[in-house]
Amino acid sequence: MLSVSGLFKQYISYDGTPGGGVFGADFALKEGELFTLLGPSGCGKTTTLRAIAGLETPQKGRITLGSRDLFDSQAGINVPMYDRDIGMVFQSYAIWPHMTVFENAAYPLQVGRKNKYSSAEVARKVKEALDMVGLGAFIHRPSTQLSGGQQQRLALARAFTREPHLLLLDEPLSNLDAQLREHMRTELKQLQKNTGVTAIYVTHDQSEALAISDRIAVMNEGKIVQLGAPKEIYNRPTSEFVAHFIGRTNLIHGDLASSAAAGSTATLATPLGPLRCFFPGAAQARSGIAVVVRPEHIRIRKAGAPVEAEGDNRLNGKLKAETYLGEIVEYVVDAQDASGGGKEFLVRTPFVQPIGPGDAVTLSFASERTIALIEA
Amino acid sequence: MTTRPEVWDGSAAPMRMSVARRFGVSPLVGILIAVLLVFLVPPTIYLVQTSLFTTNFDGSFDQFTFRFYLELFTNPRFFNNLVNASIYAVGSAAVALTLGVLQAWIVERTNTPLRHYVFLISIVSLGIPSVLYTVSFLLILGKAGPLNLLLMELTGSTTPLLNVYSMWGMVIIEGIDFAPLTFLLLSSVFRSNDASFEEASMMSGAGIAQTFRHITLRLATPGIMALLILIFIRAFESFETPALVGRPGNVNVLTTEIYQSIQSTTPPNYGQAGAFSMALMLIVILLLVWYNRLSRHAEKYQTITGKGFRPRVMDLGKWRFLTAGLLVLLFIIMIGLPVGIVVYASFLPYYEGVTAKSFTQFTLANYAQVFNSQSFKSSIGNTLILGAATASLVCPFTALCAWLAARRHRGAWILDQLATMPLIFPAIVMGVAFLNVFLHMPFAFYGSLLSVILASMVRYLPYGMRYSYAGVLQVHRELEEASALSGARQATTFLRVVVPLITPALITCWLFVFLLSVKAVAAQILLVGPKSQVIAVTLFDLWENGQVTELAAMGVTWMSLMTVVSTIFYLIARRYGLSIR
C-alpha cells in the first residue's frame, strides 16, 4: 500500500546548526490498516507525516503509494501534494473561517483536477460525508460557529469527501477535552474500519495509540525504534525507551552468565537475586542486560501468606505506599537486594487482601513476563 | 435565540467592563481623547470658517455667506474635478493593490528565491521623496524620455506617441509610487495566515493558483479591503502627482483646484478652497464610514492563536524562478529605471533627454553645488529631525490608542475615530489650516521646525493607527486573557504581552511614518520657513524652477542617505523579528 524507505529530512536552523527531523525511516502499510506513528514531541513523527503528505520535501528517501512513486530522491521524483490523492486532518483542523460547513467539505471536490463533479454530485457526497461524521444538521452553518469537536468532525469529513487512498491524521484529538477525546477515538476507529481507508495516525499519547492502532511505529530522535502491533509493543518492548514510553514499568539490570537463544528463558543474575527472564532475541553472555516487568504482571501477598499459583520469580520487600484507584490498587514496594539496599517496585493489581504500608510482602511474577530488552 | 449546543462563537463574549468604566470613559482614555482634541479642533474650526466667511486680505474673516457652497453646483469645473479624482483614485488604487498583493504573496507565502530582498527594497523605495519619484517617471515617460524615443524609433513616427501629462500617466505613476507601501502593509496580513489553511487546501487537491484564489486571498480579504479604502482615500487627496503630472496636461482634481485657488489666484480664493475642501472631506467621510463597517468584522483578522501556528511557506517548485523573475522585473520598473534616470540626469550640465552625446558631457558640477550649499545641509538636518520626531510621537501613542480601541475599552472607539480623523483632511488643506492656526498663535511659532513636526504628527496619526491596529488585531484575545487570569493588571498585560507581540509591527510603524513624513510635500509646503526647510519642498521648488540637474544631484544624495538609514533599520527589524519568531 504505502511504503516509506530511507526517509531522511534534517532541519537546519537559521544560524546553520543542524536540528531535528527524521533520520532514515522505513515502514510499509497494509491495505485498510490504521498505522500509528508514536513518540515524544520532536521525535520526527510529524515530519514523517508531512513528508508523506508532500508538505515537506525530504533530503533522501523514497515514498511509494500503491504502484505510484510519490517521492524518490534518487530518481528526482516529487509529486506535488495536490496530486497525491491523500486526505489529511490537521492538528489545528484548519477549518477555513470564511466558508460554511458545506463549503469546507465541498472544497476538495470542487478544486480537484482529476475528477469533475456536477454540483448535484458534490451536494450528495458532501451530505454523505457530513452525515457520516454526524454533522448533517449543520451543513449551512458558518464554520466559525462550530465547537472544537464539531470542527474536528468537519476536518474529518473534508478529508473523506474525496475518498482518498490514504488518510493522514496529525494529532487530531489533541485539542479536544479528555472525555470527547475518548469518544472521538472510538468513533474514528469505527469510521476507519467502516470505510476501509488506510490511515496514518500521529500522536504522542501512548494510550491513544494502543487503543486505536492496528500497528504502531514508536519513534525517538528521528528513528523508528520499534514497530509492531499494540500488544507486541506493550508486552515485548525491545528498548528501555519503548518500555518507559509505553505504559509504566519496572526496570532491573543484571548479568547473563551464558548465552541465551532467541525465544528461550534464561537466568539473569541481578542485585535482587537470580531472575528467570524471557529473551525475545539471542543474547551473548554479558553484564548490564536490562529486563522489564509491567506493574500489572506482578502479584503481591503478605509475607508468609498461603501460596497460590505463582510465577518463577520471587522477591521479598516492604510495602512503602498504596494508592487506591477504584478498580485497582497501586503499590510501591521496596524490594531488598543482597546488600540490604532497596529497589522500588511498582505493582498494580485488583484489591485482594488486607496489606498496609510497613508490611513485609512477597512479589512474584512469571518468567515470560520478565522481558529482557533484546531485539528479536 | 435558538439553543446551540457546544457552539463556540469567536465574536461573542466581549470582556466585561469594570464597574467604574460603565459610567464613562476611563481616565486614560479621557486623557488621550483630550490630547487628540487639542490638535484636531483648531484646524477643523478654521477650515469650516473659511468656507462660510469671506476672507480679508490680512487673513481675517469678514462676512458670513453660503455663496461658496452654492458656487460648487454652478461651477462645471467642480464636477469635472470630481470625476477626474474618482478615476484617478480607482485607477491608482488598482495599480498599487495589484502590485502589492502580488509581491506580498510571493514574499510571504512562497519559497521564491530573492524574496527577502523585496522587503528591503520596498523600504528603501519609501525613502524616495514623491516629488523625485514623480519627476523621474516624467523623465522616463516624457516627450524626450527614453520610452517615447524608443517608440518613435520602432514606429518611425516623428512626434512622441505617449503623452504622460494625462490621466493614465497620473494613474501609473501614483500607483507605482504607492505600491511599496501597499506591499509592506499587506505583507503583515499575509504573514499572519496560519499555513495549515493553505496546506489543507493543497491536500484537498487544489493547485497553487486555486489555493491562492480560494484561500490565501479570501482570508486576506478583510485586510485587503481595509487597505484598498486607505489607498483610495490617499489617492483622492494626493497632491504631488496631480500637481506635477495632471496640471500641465490640464487634468485637474480637487486637490490641485484647491491649491490653485490659493496659490495661483490673486487674491487667494480661500472661500472656494474651503468649500472644495469640505466637499472632498464629505466624500472621504463616507469612505471612512464604509471602512468602519468593514472593520467591524475584525474578529476575522484574529489569526495568531496560541496553538498550531506555523508560519510556513509554499513550495512553488520550478515556478519559483518565474516568480523570482517577476520580482526582478518589478524591481527594475519600480526602482531601477527611476533611480537610473535620476542618477543619469545628476551628471549632466543641462537635461535634454537620453542621447549618446550627453554621456560625453558628464560632470560633477551639480554635486559640487549641492555639497557646498549651507541651506542644503540644514535642509537634511531638519528633515531627519522632522521624520524621527514624527515617528517617535506617533507610534507609541497610536499603539496605546489602537489597543484600547481593539479591546473595546469604554469610549476608546472615540480614540479610534479621532486618530483616524486627519485622514479626512487633504494634506494641502491641512497645511492651510495649520498655517492659519500657527499664524494666530500669541507667540512666534509659524515657520519653526516644531510647528512643522506638530502638523506632521497630526497628519500621520491615521497611518500609525492603522499599522498599530493591524498589529493589535493579530494578537488573539486569549493571549491577553491568559495574562489577566495569571493575575496581571491591564497595564502589565499591555507591557508584558501586547507590546512584545506587536513590537515588530511597531518597528515597522516607526520606519514607515518616518519615511512617509520626510517624503511628503503637500502638508509641509505651506508651513516651512527659512529656518525649517525640508528636502521634499526644496525638490519641489527646484522642479518648478526647471532646475532638473540640480534636483537630480540633490535627490541622489538624499536617496543615498535614506538607503543607509533604511538598511540599518531593516537589519535591526529583521534581527528582532527573527528572535521572537
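Predicted model: local features only at pLDDT ≥ 70, side-chain atom pairs only at ≥ 80, totals over all residues.
Okay, housekeeping. Local features need pLDDT of at least 70 and side-chain atom pairs count only at pLDDT 80 or more, while totals for chains, interfaces and linings use all residues. Residues are numbered from 1 along each chain as its sequence is written, chains are lettered from A and ligands numbered from 1 in the order in which they are written, and side-chain values use heavy atoms, with hydrogens and water left out.

Let's begin with chain B. Counting DSSP runs numbered from the N terminus, with helices as H or I of at least four residues and strands as E of at least two, chain B comes to 23 helices and 2 strands. Of its 581 residues, 56% are buried; buried here is under 20% relative accessible area, exposed is over 50%, and partly exposed is in between, with a 1.4 Å probe and protein chains only. Take contacts, meaning heavy atoms within 4.5 Å: among those in chain B with a separation of 6 or more, 78% are between residues 24 or more positions apart. Chain B exposes about 24,500 Å², and carbon and sulfur atoms supply 67% of that. That's Shrake-Rupley with a 1.4 Å probe, and for residues only the protein chains shown count as cover.

Next, cysteines. Which two cysteines form a disulfide? They are B:C395 and B:C509, with their sulfur atoms 2.5 Å apart. The rule takes a pair of cysteine sulfur atoms within 2.5 Å, and the count over all chains comes to 1. The pair links distant parts of the chain: B:C395 sits in helix 16 (residues 374-406) of chain B and B:C509 in helix 21 (residues 490-519), 114 residues apart. The link of B:C395 and B:C509 is left-handed, at -100 degrees about the S-S bond, and both cysteines are buried. Over in chain A, A:C43 is buried at 1% relative accessible area, and A:C277 is buried too, at 0%.

Now the interface. Chain A puts in 34 residues and chain B 31 residues. Together they bury about 2,900 Å², with 57% of that from carbon and sulfur atoms; buried area is the accessible area (1.4 Å probe) that two parts lose on being put together, summed over both. On the chain A side, A:Y82, A:H98 and A:Y107 supply 19% of the area that chain A buries against chain B, more than any other three residues.

How many salt bridges cross between chain A and chain B? The rule, a side-chain nitrogen of Lys or Arg within 4 Å of a carboxyl oxygen of Asp or Glu, finds 1. In that salt bridge A:R50 meets B:E199 at 2.6 Å, N to O.

Zooming in on B:S204: this residue lies in the loop between helix 9 (195-203) and helix 10 (208-236) of chain B. Buried or exposed? B:S204 is buried, at 4% relative accessible area. Leaving out residues up to four places away in sequence, B:S204 touches A:W96, A:Y107, A:P108, A:V111 and A:R162.

Last stop, A:R153, in helix 4 of chain A. A:R153 is buried as well, at 16%. Beyond four places in sequence, A:R153 touches A:V133, A:L135, A:H183, A:M184 and A:E187. From A:R153 to A:P172 is 19 residues in sequence and 9.8 Å in space, C-alpha to C-alpha.
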